[in-house]
Amino acid sequence: MKPYYAIVLAAAVLSLSACDRAPSNVKTLQTTDCGVTWQIIKPGERIPTTSLNVCGYNTVLPDYPMQGDTEFLSQFKDNILVRVKITYDYEIVDGLKFLKVAKFLGRQHGSASMAADSTKMSQFETAENVVIDVQLRELVTSQTMPMDIVTFNPSAFEDTLFKMANLALASRGVELNSMTFVTVPEDQTRMAIDAATALAVYRSKGMEELGNKLVVARAGATQVQVHTGNDRTR
């Protein structure tokens, strides 16, 4: 969670102790049975007191767009591993569904200030991983396994993944507003992709023999790295 979001959320949590109405920019939820069930308190509505109930307390969830990212290895056809980087913008659209998955966000805290400290803020980073990142990883790895990395189209796959992710995340109370999907092959894999693509072009022009020679020559060429005077020796 970015620092700005943490500050907004912390201010909202602290305001619960000074105001008997639910603040805006967050989703205020209340339980009277130690988190077994929850009810949503709409912004501006009075928050019922729970001071006489040892199992009654409140929690808040962000009610504004947030950014997240994840990075992992995904397997393509012929056991080729490629690093995948995904960044996304999301919102919690259903606080009740979200808490069912990220149950640790609904635990009771000793005070509002305790709920707003850095530990509480870091829990939303964990929630992103539990609710969103795991789902994205499962979707990507299951879809790329039969795909040929040489002919793989990241842009087309990004559109498909975005739709699939929102369908899967709906049951978790989350909706993605946008997403970027990037593949980062290792150097050897990238060279193989370039070679296969080049050969396909030469073959389509009836120049396969020449293409083979050029690809072999390029593979054996020495790579020269140029360093400026500002580079540091490591």
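User: What percentage of the 234 residues in the protein chain do buried residues make up?

Analyst: Buried residues make up 36% of them. Buried means under 20% relative accessible area, exposed means over 50%, and partly exposed is in between, with a 1.4 Å probe and protein chains only. Before we go on: this is a predicted model, where local features need pLDDT of at least 70, side-chain atom pairs count only at pLDDT 80 or more, and totals for chains, interfaces and linings use all residues. Residues are numbered from 1 along each chain as its sequence is written, and side-chain values use heavy atoms, with hydrogens and water left out.

User: How many helices and strands are there in the protein chain?

Analyst: You'll find 7 helices and 6 strands. Both are DSSP runs numbered from the N terminus: helices are H or I with at least four residues, strands are E with at least two. Along the sequence, the pattern reads α-β-β-β-β-β-α-α-α-α-β-α-α. As for contacts, meaning heavy atoms within 4.5 Å, take those between residues at least 6 apart in sequence: 65% of them join residues at least 24 apart.

User: Over how many bridges do β4 and β5 pair?

Analyst: Over 11 bridges, in the antiparallel sense, with β5 covering residues 80–92. You can follow individual partners too: Phe72 has Val84 as its bridge partner in β5, and Asp69 stands opposite Thr87 in β5. The hairpin of these two strands has 3 residues between them. Asp78 lies in that loop and takes a positive phi near 65 degrees, in a residue other than glycine. With a relative accessible area of 64%, Asp78 is exposed.

User: How do I read a pair of aromatic rings?

Analyst: A pair is described by the distance of the centres and the angle of the planes. Rings of Phe, Tyr and Trp (its six-membered ring) pair if their centres lie within 6.5 Å; planes under 30 degrees apart count as stacked, over 60 as edge-to-face and the rest as tilted. The structure holds 6 such pairs. Phe76 and Phe152 have ring centres 5.0 Å apart and planes at 80 degrees, so this pair is edge-to-face. Phe76 sits in β4 and Phe152 in the loop between α4 and α5, 76 residues apart, so to speak a link between distant parts of the chain. Phe152 also pairs edge-to-face with Phe181, at 6.2 Å centre to centre and 65 degrees between the planes. Phe181 is in strand β6 (residues 174–184), so that pair ties together parts 29 residues apart in sequence. Both Phe152 and Phe181 are buried, and so is Phe76. Phe76, Phe152, Phe157 and Phe181 form one aromatic cluster.

User: Which residues of α5 are buried?

Analyst: An α-helix has 3.6 residues a turn, so residues three or four places apart point the same way. In α5 the buried residues are Phe157, Leu161, Ala165, Asn166, Ala168 and Leu169. They cover an arc of only 160 degrees around the axis, which puts them on the same side of α5; the arc is that of the directions from the helix axis to the C-beta atoms. Lys163 and Leu167, on the other side of α5, are exposed.

Technical notes
Two strands pair if DSSP finds at least two bridges between them.
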